[in-house]
Amino acid sequence: MEYLDSLNPEQRLAVEHTDGPVMIIAGAGSGKTRVLTYRIAHLIYEKGVDAFNILSLTFTNKAAAEMRHRIETLAGLEARNTWMGTFHSVFAKILRVEAPKIGYPSNFTIYDSDDSKSLIRTIVKEMRLDDKVYKANAVLSRISGAKNRLITWKVYQDDPYVKADDEAAMKPKMGEIYQRYQDRLFKAGAMDFDDLLFNTNVLFRDHLDVLNKYQQRFRYVMVDEFQDTNLSQYLITKKLAAVHQNICVVGDDAQSIYAFRGADIQNILNFEKDYPDLFVVKLEQNYRSTKTIVDAANSIIDKNKAQLKKNVWTSNGEGDLIELIKASTDSEEGRIVASTIFEERNTKKLNNSDFAILYRTNSQSRAMEEALRKLNLTYKIVGGLSFYQRKEIKDLMAYMRFTVNPVDEEAFKRIVNYPKRGIGDTSVDKILVAAFDHDMQLWEVVQNAHSFIGGRAASQLDDFATMIKAFKIEVERKDAFEAASSIAKQSGLLRELYEDKTIEGLNRYENVQELLNGIKEYVDNEENEDKSLGSFLQEIALLTDNDRDKDTTDSITLMTIHSSKGLEFKQVFVVGLEEDLFPSQMMMQSREDLEEERRLFYVAATRAMDKLYFTYALTRYRYGRLLNCEPSRFLEEVSPDCIKVSKKVSSKEMSGAFRREGLPGTSESSGYIGIKKKPESRMPTAMKIHTPSPDFKPSNTNNLKAEQLIEHPKFGFGKVQKIETEGINRKATIQFEHFGEKTLLLSFAKLRIID
DNA sequence: CTGTAGTAAGTTTTT
DNA sequence: CTTACTACAG
């Protein structure tokens, strides 16, 4: 096989060792995707395995699409028959066939996290609990964490440790919320993201015939980005591979960045224990980046304790040093990045698509966008507020969802009175209560509205029911596109949007049209066998904004570091390297958290092939307030040999920023400025005297009032005298115990409000 | 039941 | 700056 000649010895081992359990530890830029595609081709053409018997699981739809494309190029159309997709999409597809076995309808709805949160809010309200204690986000992530570890509500409630945990957090009702949440999902014929995996586990546990069917079908199982699997996903693959034992996992523990959604790095660290005869290959040669970049990335990741030993190296040249750019404001940061790209592009004859700007949070894209637009540079944003999360899109989808699955509670609440048809909150509540009390299906109650609620609303509901019935008939007779267009028109939704002549209204109208176009495309696509609306809805529920076709014009890529995984660019800007932003303050609760942020930093750095830039700003707007920032600790952790301090900062802005900060240093505002060890002057002497309480956490100062007791990290305890507003700035005059009266800019000051 | 005005609180990453 | 929720008038 001559194509094997293009591989290095380790890669070749990984490709040729097809049978039995295999773990491929693939360092950044080591040609992992190449190995995976060659491996599949090898299975099909050398080992004579039917493509139909190969299952490859990835974490994003994009990665799956990329892999499918590369395999087709390499191995031809035969390879199209391999099962390839994300965990969620593959098992949603299987559940669509098998769901009735575990009591769900096969046209079950998939709730996205907005639906889930809304349901949790309803439940918390129904239980008459304090929604400030039981915040939807926190409750959902707790439940999600349990599900990812396959803990049912029953086990959750019976576990004394969990109970102690919840009680310590003053949230003893968590178990009951979990139970009710699960019950309501079941009644609404709905699964949330975690359920797709959880229920697959249940299915395989309780129906051995079904498990056996898929075990026979998937003789070869491959898992990409294995470091990001959670327990639930791991157990599914383990079960599937139990008979043939042909499981191949590919991953890099150094790039595990999804702990927040249950990824367990122990899966990769302990894999060997589950498979004693495991064959391990390490791909350590990096083909992507310059030596400087590889060294810099290694210097950061080496600080982590939890990792597998490996030595990523490269034979590439040294390349340029990493440029460190300091800006005074976030908008200046944007301007410098934009002008640097402009210059580099022209002097080195590069395309826009050779550049990427990576940030920690989506909100950072704004400043970058503005600067790029001013220089007329074409860019595209990956991710961010998803198309599918827009109100108008969710509204139309809710109509479609309710038509297909008329017990879908969240969809019902969304559309029953939109556009307005005289059915208010009171009536909606009555319907829901009636369904609950009589243990009836939502749709039955709606159809018999007169028996449950009287008056005007009842006859309005009759009209609503008639409309939905008409939709149902359309859905049965027509394909997804025709049914959806008809629903958009008949529901009055299109008219409502059409009549809104504001710019936003126009956009919303166009978005709905775009969704309809998407449905048309789906219907016209030969590969989709089932062209019903129900089937389309299941597909779309698992799509993210990253999966929509963006126009293919040559553009600079803007995205979060999380979505950059697996990609590479000639030049990469990692922006916003400020303490509390990256590493994120919300993450910095434990050593594990810091290590995950380091891995994230590692991922960002290793995206670059030729040149890497780090930038940070001294002040930044967040939530409409100007905050001051300090350089990220990562800038001190990264090997100084790899970094060159660069870029002039305009002296005017610089001194302005320093003055605002009330810092000395105006004199160094011209010339080259780098990170210095935090100057003494930046650390008020007060800090040496007052140590903040161990649990010090800044509070939201929105509601700060006179007489309020507060704690300041540097000045200690004090009492608020008065609050004034000056332009966009709010100032508080505070009488401190030991430091007398001080006036602080609230946007700068971190205060803990003592209740 | 609907619309408006005002208040409160949240801001990480993704399937 | 945003979004979600509440109170109150019509």
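Residues are numbered from 1 along each chain as its sequence is written, and chains are lettered from A in the order in which they are written. In this predicted model, local features need pLDDT of at least 70 and side-chain atom pairs count only at pLDDT 80 or more, whereas totals for chains, interfaces and linings use all residues; side-chain values use heavy atoms, with hydrogens and water left out.

Chain A is divided into domain 1 (4–100 + 199–283), domain 2 (109–188), domain 3 (313–386 + 547–645), domain 4 (390–531) and domain 5 (708–753), the bounds coming from an automatic or database domain assignment. The centres of domain 3 and domain 4, taken over C-alpha atoms, are separated by 42 Å.

The largest nonpolar core contains 54 residues, of which Met400, Phe402, Phe412, Leu461, Phe464, Leu515 and Ile519 touch the most other members. Helix 23 (residues 455–477) supplies the largest share of this core, 9 residues. A second, separate core of 44 residues includes Met23, Ala99, Phe218 and Ile247. Such a core is a set of buried Ala, Val, Leu, Ile, Met, Phe, Trp, Tyr and Cys residues joined through side-chain atoms within 4.5 Å. Buried denotes under 20% relative accessible area, exposed over 50%, and partly exposed the range in between (1.4 Å probe, protein chains only). Helices (H or I, at least four residues) and strands (E, at least two) are DSSP runs, numbered from the N terminus.

Alanine 146 belongs to helix 6 (residues 136–148) and counts as buried because its relative accessibility is 2%. Apart from neighbours within four places in sequence, alanine 146 is in contact (heavy atoms within 4.5 Å) with Ile151, Tyr156 and Tyr178.

The number of aromatic pairs is 24. Rings of Phe, Tyr and Trp (its six-membered ring) pair if their centres lie within 6.5 Å; planes under 30 degrees apart count as stacked, over 60 as edge-to-face and the rest as tilted. The pair of phenylalanine 59 and phenylalanine 87 is tilted, because the ring centres are 5.5 Å apart and the planes are at 55°. Phenylalanine 59 lies in the loop between strand 2 (54–58) and helix 3 (61–75) and phenylalanine 87 in helix 4 (residues 87–98), so the pair ties together parts that are 28 residues apart in sequence. Both phenylalanine 59 and phenylalanine 87 are buried. Ring pairs also link Trp83, Phe204, Tyr214 and Phe218 into a cluster.

Salt bridges (a side-chain nitrogen of Lys or Arg within 4 Å of a carboxyl oxygen of Asp or Glu) number 49. One of them joins the side chains of lysine 394 and aspartate 115 (3.8 Å, N to O). This pair links distant parts of the chain, 279 residues apart, with lysine 394 in helix 18 (residues 391–404) and aspartate 115 in helix 5 (residues 113–126).

Aspartate 524 is partly exposed at 45% relative accessibility, as is lysine 520 at 36%.
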